[in-house]
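Biologist: I would like to learn how to read the details of a model. Can you take me through some features, one by one?

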Amino acid sequence: IIFSPPSPFFFESADQASPSLCFIILRSPVLGGQASGGNRDMACRWLRRLGRDMLRVKALEDALANPEEEPSTMTVPESDGPECPPMQLKRELGYFQLTAMGIGSIVGAGIFVITGQAAAEYAGPAIALSFVISAVGCLFAALCYAEFASMIPVAGSAYTYAYVTLNEITAWIIGWDLMLEYLVSASTVAVGWSGYFVSLLASAGVTVPKQIANAPPVGYLNVPAVGVSLLTTAILCVGIRSTAWVTGVAVAVKLVIILMFVGAGAAYVKLSNLDPFIPPAAEGSYGYFGALGVIRGAAVVFFSYIGFDQISVLAQEAHRPQRTIPLAILTSLGIAVVLYVAVSIVLCGLVSYTKLNRPDPMSVALEAVPQLKWLTVVVQVGAIAGLSSVILVTLLGQTRVFYVMASDGLLPHVFSKLHPRYRTPLANTIVTGVLAAAISGLLSIQSLSELVSIGTLLAFAMVCGGVALLRDRKIV
């Protein structure tokens, strides 16, 4: 039911009505339920205008506009003083830096946690096949992202692609959907980081009270998760170059430790642990081992590949984005596939897959081989480095989506203001970091992980469908 007050109280004409309003008043019970003809006509014009705004499509020329030529979408509001040159995001990222960010975002909880759990519950040693099957599905989505990135090399990822191919209301929904994916995903990984950090301190003889290492109701606040969220936020505030450098170091440490695990563990693999490669299906069960278990395992590990899409968010900070963004997306996904398959085979070869249903399956496998126990602490360090890079890149993607939405007028303009020195959306970054810290400190990892898949699937589906529309409508 839509009501209407005297029109001068809200707006004098339909043109003055803000499209951001969610409702208008078409009928006032105070006035006896009858609206004047002028008010009714004005309301109808406003509704028609609102409908046009919600269904309008962003022109490709506007999306590709050079920030220096179109400062209205990329600059901070002008002051009353002398005119200042427009500010835009710095183009600091090359192919190798983008690839490192992609690997840093993809390779994290999937390789350190999900691999063992999926092997123990669904596929057994054939979890390696599950990773390959899942990678094929992700490859199609990655090719769609790469095609979009080559044709529309601007920040915003799925949000911008939806705005160009579908309409504004869909883009607005996708923008908040990406928030569900990125912000909640970063908070989830922060909780996992906390667990590894507490375990590492325990190995060093330092015990962290559970009241400050767990979310309610187990504890009061997950302090380590809050701390790492705020620390990564501080890094993001000081510029993309610093973020890329920290990510590069974390990725290098992570890759070295993973290769150490694969190289050292391969010498102690027992073929008996890999036989049968596909365990027989449990009687009376569905999706537990057997061919169906491999397929179900592929569905579980699918989200281990989440992160390659975040590379497309950085298009306005990349050199030659039409070339570097698609190459970085496909390269990072390819490297992740090789690492996942290699780790899963070595993991199941070191110890029986039935013993891997633990939060730290790599540590379980190393402890089963006395000669490899020295690697346990090293793997914990690698897990901390790996999860740190995931948090950093994921929050970076979130801030850039908010930045583009604010530049388009779908969020308050303060989110598009850039710091004059670091050229980063400072207010945007701080708000995102504080939200991530609050979520990771107060919610458990089980509650958070259930929300991540919703945002990811919707974004992937929109991008894949958007490519077809892009060609059908001959937008490019």
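Biologist: How many salt bridges does a search of the whole structure find?

Modeller: Keep in mind that this is a predicted model. A salt bridge needs a side-chain nitrogen of Lys or Arg within 4 Å of a carboxyl oxygen of Asp or Glu. The search of the whole structure finds 1. R400 and E317 form it through their side chains, at 2.9 Å from N to O.

Biologist: Which parts does the pair tie together?

Modeller: R400 belongs to helix α14, residues 375-407, while E317 sits in the loop between α11 (290-301) and α12 (321-350), so the bridge links parts 83 residues apart in sequence.

Biologist: Are R400 and E317 buried or exposed?

Modeller: Buried means under 20% relative accessible area. Both R400 and E317 are buried.

Biologist: On to the backbone. Where is P217, and what is the peptide bond from P216 to P217?

Modeller: Look at omega for this one. The bond from P216 to P217 is cis, and its omega is near 10 degrees. P217 is in the loop between α8 (168-203) and α9 (223-237).

Biologist: What about the peptide bond from D275 to P276?

Modeller: That bond is cis too, with omega near 5 degrees. P276 falls in the loop between α10 (240-266) and α11.

Biologist: Now phi. Which value does R320 have, and where does R320 lie?

Modeller: R320 is not a glycine, yet its phi is positive, about 45 degrees. The loop between α11 and α12 holds R320. R320 is exposed, and its relative accessible area is 59%.

Biologist: And what is the phi of R423?

Modeller: Positive, about 55 degrees, and R423 is not a glycine either. Its place is the loop between α14 and α15 (426-442). R423 is partly exposed, with a relative accessible area of 24%.

Biologist: What does N167 do at the start of α8?

Modeller: Look for a side chain that reaches the backbone. A side-chain oxygen of N167 comes to within 3.5 Å of the backbone nitrogen of I169.

Technical notes:
Residues numbered from 1 in each chain as written. Predicted model: local features only at pLDDT ≥ 70, side-chain atom pairs only at ≥ 80, totals over all residues. Heavy atoms only, no water. Helix = DSSP H or I, 4+ residues; strand = E, 2+ residues; numbered from the N terminus. Buried < 20%, exposed > 50% of the residue type's maximum accessible area, 1.4 Å probe, protein only. Polar contact = N/O pair within 3.5 Å; in protein donor to acceptor, adjacent residues only side chain to side chain.
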